[in-house]
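Open the model in your viewer and keep the sequence panel beside it. Each stop below says what to select and what is there.

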Amino acid sequence: MKTKKINVNKKYYSDLVNKLGYIIRKGGLVAFPTETVYGLGGNALSSKAAKKIYKAKGRPSDNPLIVHVADKSQVKNFVKNINDLEHKLMDLYWPGPLTIVFEKKDIIPYETSGGLDTVAIRCPDNNATRALIRAAKVPLAGPSANISTRPSPTYAKSVLNDLDGRINAVIDNGDSKIGLESTIVAVNEGKIIIYRPGAITQEMLSELAPTSLDTALKKSNEKPKAPGMKYRHYAPSAPLEIYVGNENKVEESILEVSNENDKIYGFFVSKETAEKLPKNSIVFCWGKRSDKKSMARNLFKGLLFFNSKKIDQIIGEGTDNKGIGMAIMNRLKKASGQHIVFVEK
């Protein structure tokens with residue numbers, strides 16, 4: 001199979017999107033752009049399509065797939081009930097980077113839900129993808145469009161690097177605006193539980209209702225409650241170690257590592273730290289420390305940057321857990337296999 005790259009332009013909306021929708025309806029796979037990361041889309045109502053997605057990604061089949069809809073009105077077709085708080089969340093944050101977990105109807109196969117009686121649904125903030133969903137006339141099951149455990153793709157070329165020849169097409173709509181996967185939540189007795197942090201932060205959700213992080217222990221034989229909760233994710237080719245704590249001390253620690261000669265290091269750091277590293281260093285700068293949105297947008301792009309470099313280890317500069325920092329650190333902890341160095345004041 002040769003994977004086609006489709007650009008978003010007038011021809012896309014007038015002609016190509018209908019052809020791509022037909023591919024989805026007939027069981028094919030199309031990678032699609034969103035404001036978070038690129039997704040790998042198949043017919044969410046087809047168990048065969050779900051199995052194809054798992055196979056293309058090399059993803060465990062008990063890791064649920066997010067279902068993407070074109071608008072809020074479609075949700076009632078796939079879930080048993082929508083409560084008032086869930087309506088408010090959709091009205092406030094859709095289209096956008098928020099996924100909500102509902103009790104599913106039988107029309108959603110267990111292959112899509114990862115064997116659960118619930119289904120995770122969101123409406124992406126991308127016109128080309130919502131047009132694709134309407135053209136397909138079915139919702140899209142869509143995990144990130146990459147080989148499982150690797151960094152999520154935020155641009156079409158990265159999708160092709162992993163999935164060329166495994167899927168029918170990828171829709172190229174430029175770089176993702178946010179760069180981190182959606183926030184995943186569930187509503188229980190008027191309270192919001194965060195299963196995966198993202199751009200819709202705990203602080204934002206707390207303005208609507210009492211909000212807490214899910215604290216359930218993840219055992220090896222426990223099924224994930226939502227996509228992305230159980231397995232290792234986002235790992236670059238080289239081992240990753242993240243430094244967090246006092247900004248000045250973190251910078252000093254990273255500069256000390258840069259003077260060591262025992263390994264070839266790559267540095268995933270802020271602009272402030274990058275400017276002080278030796279000139280011959282292998283560096284990806286994610287932006288100023290004060291700009292967490294830039295860090296989020298460049299996180300996966302930076303991790304993928306090092307896959308093309310001959311290095312022994314990546315040294316990363318982390319951030320605090322405020323706002324979107326919680327989502328950034330969630331991804332970095334998983335990418336590093338929990339290799340976090342806390343630097344005291």
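## Stop 1: helix α5

Select helix α5 and colour A128, T129, R130, A131, L132, I133, A135 and A136, which are its buried residues. The model is a predicted one. The helix spans residues 127-136, and eight of its ten residues are buried, so the rest of the structure largely encloses it. A residue counts as buried here when its relative accessible area is under 20%.

What lies over these buried residues? Show α1 (10-25), β2, β4, β7 (140-141) and β8, which are among the elements that cover them.

After the helix comes K137, which has a positive phi, near 65°.

## Stop 2

Select β8, residues 169-172, together with β1, residues 4-7. These two strands run parallel and are joined by four bridges. To find one of these bridges, select K4, whose partner in β8 is A169.

Strands of a sheet pair through backbone hydrogen bonds, in either a parallel or an antiparallel way.

## Stop 3: the annotated binding site

Select T36, H68, R122 and S182, which an unreviewed UniProt entry lists under "binding site". They are spread over 147 residues of sequence but cluster in space, with a largest C-alpha distance of 12.7 Å. The lining of the largest cavity includes T36, H68, R122 and S182.

Zoom in on T36, in the loop between β2 (30-32) and β3 (39-43). Is T36 buried or exposed? Its relative accessible area is 4%, so T36 is buried. Leaving out residues up to four places away in sequence, T36 touches P97, R122, T154, S176, I178, G179, L180, E181 and S182.

Move to H68, which belongs to strand β4 (residues 67-68). With a relative accessibility of 3%, H68 is also buried. With residues up to four places away in sequence left out, its contacts are F32, R122, P124, I133, P139, L140 and G142. One of these, I133, is a buried residue of α5 from the first stop. Select I66 too: its backbone oxygen is 3.4 Å from a polar atom of the H68 side chain.

To see the annotation around this site, select residues 14-200, which the unreviewed UniProt entry labels "domain: YrdC-like". The span is 29% helix and 21% strand, and its end C-alpha atoms lie 33 Å apart.

## Stop 4: the five-stranded sheet

Now select β12 to β16. In what order do the five strands lie in the sheet? The order is β14-β13-β15-β12-β16, in an open sheet with parallel pairing. β14 (282-285) and β16 (340-343) are the edge strands, each pairing on one side only. On average, neighbouring strands are turned by 20° against each other, direction ignored.

Show helix α10, residues 292-306, which packs on the sheet and touches β12, β13 (265-269), β14 and β15. The direction of α10 makes about 160° with that of β14. Then show helix α11, residues 325-335, which also packs on the sheet, where it touches β12, β13 and β16. The direction of α11 makes about 140° with that of β12.

## Stop 5: G316 in strand β15

Select β12 (residues 240-245) and β15 (residues 313-317), two parallel strands joined by four bridges. Within β15, G316 is the bridge partner of I242. G316 has 0% relative accessibility, so it counts as buried. Apart from residues up to four places away in sequence, G316 touches L240, E241, I242, Y243, I254 and F268.

Terms used
Residues numbered from 1 in each chain as written. Predicted model: local features only at pLDDT ≥ 70, side-chain atom pairs only at ≥ 80, totals over all residues. Heavy atoms only, no water. Pairing = 2+ DSSP bridges. Axes fitted to C-alpha atoms, helices over the stretch in contact; angles between N-to-C directions. Contact = heavy atoms within 4.5 Å. UniProt positions renumbered as here; feature names shortened; annotations may be inferred. 1 Å grid on protein atoms, 1.4 Å probe; cavity = no way out; pocket = protein on both sides within 12 Å on 5 of 7 lines; lining within 4 Å. Buried < 20%, exposed > 50% of the residue type's maximum accessible area, 1.4 Å probe, protein only. Polar contact = N/O pair within 3.5 Å; in protein donor to acceptor, adjacent residues only side chain to side chain.
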